[in-house]
Amino acid sequence: MKQRFLIVGAESLIGSALRDHWRQSGHEVTGTYLEGAEKAPHRLRLDLREPPQHWPSLPDSDATILCSGITNLDACRREPAASQLVNVTRILDLIRCLHGRTGLLLFLSSNLVFDGSRPHRQATDPVCPQTEYGRQKAAVESGLSQQAVLWAIVRLTKVMHSRFALLQQWHASLRARRPIRPFSDFVCAPIPLNLVVNGLARVAERQQTGIWQLSASRDITYADMTRHMATAFHLDDPLIQPVESRFVYQAEHVPLHTTLDPTRAVQELGLMMPTPEETLASVYPGLLSESQSHDAECDRTSDSTH
Ligand SMILES: NC(=O)c1ccc[n+]([C@@H]2O[C@H](COP(=O)([O-])OP(=O)(O)OC[C@H]3O[C@@H](n4cnc5c(N)ncnc54)[C@H](OP(=O)(O)O)[C@@H]3O)[C@@H](O)[C@H]2O)c1
């Protein structure tokens, strides 16, 4: 059955992938955008820095997915007031505005609502964020769960995709035989973008309420990610020179663990959670074709300049 969805932040990594998935499945999707509305008048422009009276009128929907926000941890730390306005105050305003207009309100949250001191955090564990970004996520989780609306919170670990900038930089450097210095003390539990899209689609389409967690089965260090990539692409391992993050920059917090317990999503949504290596392997074909088209583009540019 055709359903209507509203994606707030339809140009975000996750929002755009979900928008394309639902359009291909024949659902009706309206998106809000921060940029580009001038060039495409059918786009609803929504800037969360602005007060609600400046927002466009939003359509009724079966579910609304909240993807917009300041997602860079350093930006949240550097500008806590500005990021709190967008990430907490206005998101809660939006939730109130949508009251009675949407079936389910779905908020995307993060493993950073926890302090990373233990692996495989349960959905029911009390939150204990150690970063500004994590505190903002926890504040919306709390605000949303107190509203008289149908709500779902989907907590995600690191979402991996073939355009992930670090992966592309590492790949390009190793191919050019330049050394790289990945962090040996930073971990993540990477999950593929298509798993996230499937999970969100199932929660929204079935109007499944409560807290959901999507996570890889265990953590991997950034240094081990590069070693895995080097092996997969037959690139030189000695060019990988791991370094402890504290020698490079002052991190706000270095979690020892980032995994979440995904049991509910596995049992009730029928999703399979990957190992970190399975996630990485799933993005390599896309990474390779991105770098091949980049090479072809460079060849074309150098041909035309000679
Ligand atoms: N990606 C992950 O690994 C991950 C993991 C856990 C949770 N999440 C959460 O999932 C959600 C989506 O993540 P994502 O990675 O897809 O995000 P993203 O690609 O970083 O996109 C965030 C979007 O929010 C927009 N935005 C920024 N300021 C805004 C404002 N004032 N008003 C309206 N829109 C604004 C950005 O617009 P511009 O691009 O024009 O600035 C961008 O389109 C976020 O809530 C994120 O915290 C993501």
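## The second largest pocket

Gln168, His171, Ala172, Arg175, Leu287, Glu290, Ser291, His294 and Asp295 line the second largest pocket. A pocket is an open set of points on a 1 Å grid over the protein atoms alone, with protein on both sides within 12 Å along at least five of seven lines, and lining residues have an atom within 4 Å of a point. The space in this pocket is about 160 Å³, a volume being the space filled by probe spheres set on the points, which are joined across faces, edges and corners.

Helices α5 (165–175) and α9 (276–305) each give at least two residues to the lining, and α9 has the largest share, with five. Helices (H or I, at least four residues) and strands (E, at least two) are DSSP runs, numbered from the N terminus.

The model is predicted: local features need pLDDT of at least 70, side-chain atom pairs count only at pLDDT 80 or more, and totals for chains, interfaces and linings use all residues. Residues are numbered from 1 along each chain as its sequence is written, and side-chain values use heavy atoms, with hydrogens and water left out.

## Salt bridges

The whole structure has 20 salt bridges, each a side-chain nitrogen of Lys or Arg within 4 Å of a carboxyl oxygen of Asp or Glu. One of them joins the side chains of Arg163 and Glu290 (2.8 Å, N to O). This pair links distant parts of the chain, 127 residues apart: Arg163 is in the loop between β7 (159–160) and α5, and Glu290 is in helix α9. Arg163 is exposed, at 57% relative accessibility, while Glu290 is partly exposed, at 24%. Buried means under 20% relative accessible area, exposed over 50%, and partly exposed in between (1.4 Å probe, protein chains only).

Glu11 and Arg19 also meet through their side chains (3.8 Å, N to O). Glu11 is partly exposed, with a relative accessible area of 46%, whereas Arg19 is buried, at 11%. A network of salt bridges links Glu11, Arg19, Asp20 and Arg43.

How values were computed:
1 Å grid on protein atoms, 1.4 Å probe; cavity = no way out; pocket = protein on both sides within 12 Å on 5 of 7 lines; lining within 4 Å.
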